[in-house]
Amino acid sequence: MSGSARPGPGNGLTDVEGVRVGHAQRTGDGWLTGTTVVLAPEGGAVTAVDVRGGGPGTRETDALDPRNLVPYIDAVVLTGGSAFGLDAAGGVVGWLEERGRGFRVGGPGQVVPVVPAAALFDLGRGGSWTARPGAETGLAAVRAAAAAPEGAPVPQGCVGAGTGAVAGGLKGGVGTASTVLESGVTVAALAVLNAAGSVVDPDTGALWGARPGPAAAEFAPYGPPVAADALERARRRTAAAAAENAERRSHPLNTTLAVVATDAVLTRAQARKLAGTAHDGLARAVRPAHSLSDGDTVFAMATGRRPLVPPGTADAADPAFGVHIEAGAMNAVLEAGADALTRALLHAVLAAETVDGPGGLFLSYRDAYYGT
């Protein structure tokens, strides 16, 4: 974060007023997967997407193109289960239809909920290849989101879509962070870290995203090099886990997913720009990012509850300078979105817990590098 920007009260996606998050997951008996739903306020949110990974699994993302018809979206689904897990969106569609929420196509109750979704690869990580989220998981996640109080903290770590997530051989998961700009605009991110690339500098053991920059103060203990003896132990532990997973034929495919949200008034084109620049935050925390083995996808949601340029801003009405004032305000949102995504990914790393099951041994960063 820069300037007078600061984390929101919950340092999470739900600091954006009206946005709720719900998780549903299943573990044990071959299962290690789940679904996360980001539920927009009543009336929906302007939503966009930017896909940069080489192996994405998505649903309804074409509807988010600014050239297309549907102006607002009521929910976004992030899910495990690869392409099979996209069925989770069906449970969210049904829940929204029951409440009359969606794109109006006729009289009362005649709506078509458009629910964009993106999936990550976690197949077989619980031991069973056929254990993957379906409509019932999506329904449970959206119900959890709707039941959450306004501004409720977002559970992080091995929950929801992050239940079976892995990052460069270490355990991944869900993380979130937020920023309140000097203008009062809130920008926040929720990330599901499941990357082919690594979150750790192999030479030092430090987290890439915690290096000098916006996240340095928040994650100070994890930016300096790890002590030499601890680094050597971590190398032995991770090498042993990798060898064990090779024997278990653990599958390496991945995909990191994220939602960046703001309470600012944005056009659909501006939301698309926010989704795109937020990928910079992903590239700061994961190296390499956007590979052919990832389907890295970032959604952007704008609830439109706060003007991008505060009323009464000097020269805002001057045609010669107003466009530059708005561009400056938008640039601040773009910068905050990328920074928030980096921080969300770091929280995902640090909140994750080690999983050792029939589908593989996935050490958490904290156990691998800071365990005794």
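**Entry 1: the chain as a whole**

I began with burial and found that 57% of the 372 residues of the protein chain count as buried, where buried means under 20% relative accessible area, exposed means over 50%, and partly exposed lies in between, with a 1.4 Å probe and protein chains only. I note that this is a predicted model, in which local features need pLDDT of at least 70 and side-chain atom pairs count only at pLDDT 80 or more, while totals for chains, interfaces and linings use all residues. I also note that residues are numbered from 1 along each chain as its sequence is written, and that side-chain values use heavy atoms, with hydrogens and water left out.

I then looked up the secondary structure, which comes to 7 helices and 16 strands; these are DSSP runs numbered from the N terminus, helices being H or I of at least four residues and strands E of at least two. The radius of gyration is 20 Å, close to the 21 Å that the globule rule gives for 372 residues, so the chain is as compact as a globular protein of that length. That radius is taken over C-alpha atoms, and the rule is 2.2 Å times the number of residues to the power 0.38. Along its principal axes the C-alpha trace spans about 60 × 45 × 35 Å.

For contacts, meaning heavy atoms within 4.5 Å, I considered those between residues at least 6 apart in sequence, and 78% of them join residues at least 24 apart.

**Entry 2: charges and salt bridges**

I found 29 positive and 35 negative side chains, with the centres of the two sets 3 Å apart. Lys and Arg count as positive and Asp and Glu as negative, while His and the chain ends are not counted; the place of a charge is NZ of Lys, CZ of Arg, CG of Asp or CD of Glu.

How many salt bridges does a search of the whole structure find? The search finds 12, a salt bridge being a side-chain nitrogen of Lys or Arg within 4 Å of a carboxyl oxygen of Asp or Glu. One of them pairs aspartate 50 with arginine 52, the closest N and O atoms being 2.8 Å apart; aspartate 50 is buried at 13% relative accessibility, whereas arginine 52 is partly exposed at 38%. Another joins arginine 99 to glutamate 98, with 3.3 Å between the closest N and O atoms, and here arginine 99 is partly exposed at 43% while glutamate 98 is exposed at 66%.

I also looked at arginine 236 and glutamate 232, whose closest N and O atoms are 4.0 Å apart in their salt bridge. The two residues are 4 apart in helix α4 (residues 228-247), and are therefore separated by about one helical turn. Salt bridges with shared partners also join Glu42, Asp74 and Arg101 into one network.

**Entry 3: a buried arginine without a salt bridge**

Arginine 268 lies in helix α5 (residues 268-285). I noted that arginine 268 is buried yet has no salt bridge, the nearest side chain of opposite charge being aspartate 65, 6.4 Å away. Leaving aside neighbours within four places in sequence, arginine 268 has contacts that include Val46, Ala48, Leu64, Asp65 and Pro71.

**Entry 4: helix α2 and its cover**

In helix α2 (residues 88-98) I listed the buried residues, among them Ala88, Val92, Trp95 and Leu96. What covers the buried residues of α2 includes β2 (31-39), β5 (75-79) and α3 (135-147). Glycine 100 follows α2 and has a positive phi, near 70°.

Which residues does valine 154 touch, leaving aside its neighbours within four places in sequence? Valine 154 is in contact with Leu13, Thr14, Val21, His23, Thr176 and Leu190. The residue sits in the loop between α3 and β9 (166-167) and is buried, with a relative accessible area of 9%. Valine 154 and tryptophan 129 are 25 residues apart in sequence and 29 Å apart in space, C-alpha to C-alpha.

In the loop between α5 and β14 (297-306) I found proline 288, which a cis peptide bond joins to arginine 287, with omega about -10°. Histidine 290 is also placed in the loop between α5 and β14, and has a positive phi of about 60° although it is not a glycine; histidine 290 is partly exposed at 25%.

Asparagine 11, in the segment before β1 (20-28), likewise has a positive phi, about 50°, without being a glycine, and asparagine 11 is buried, with a relative accessible area of 18%.
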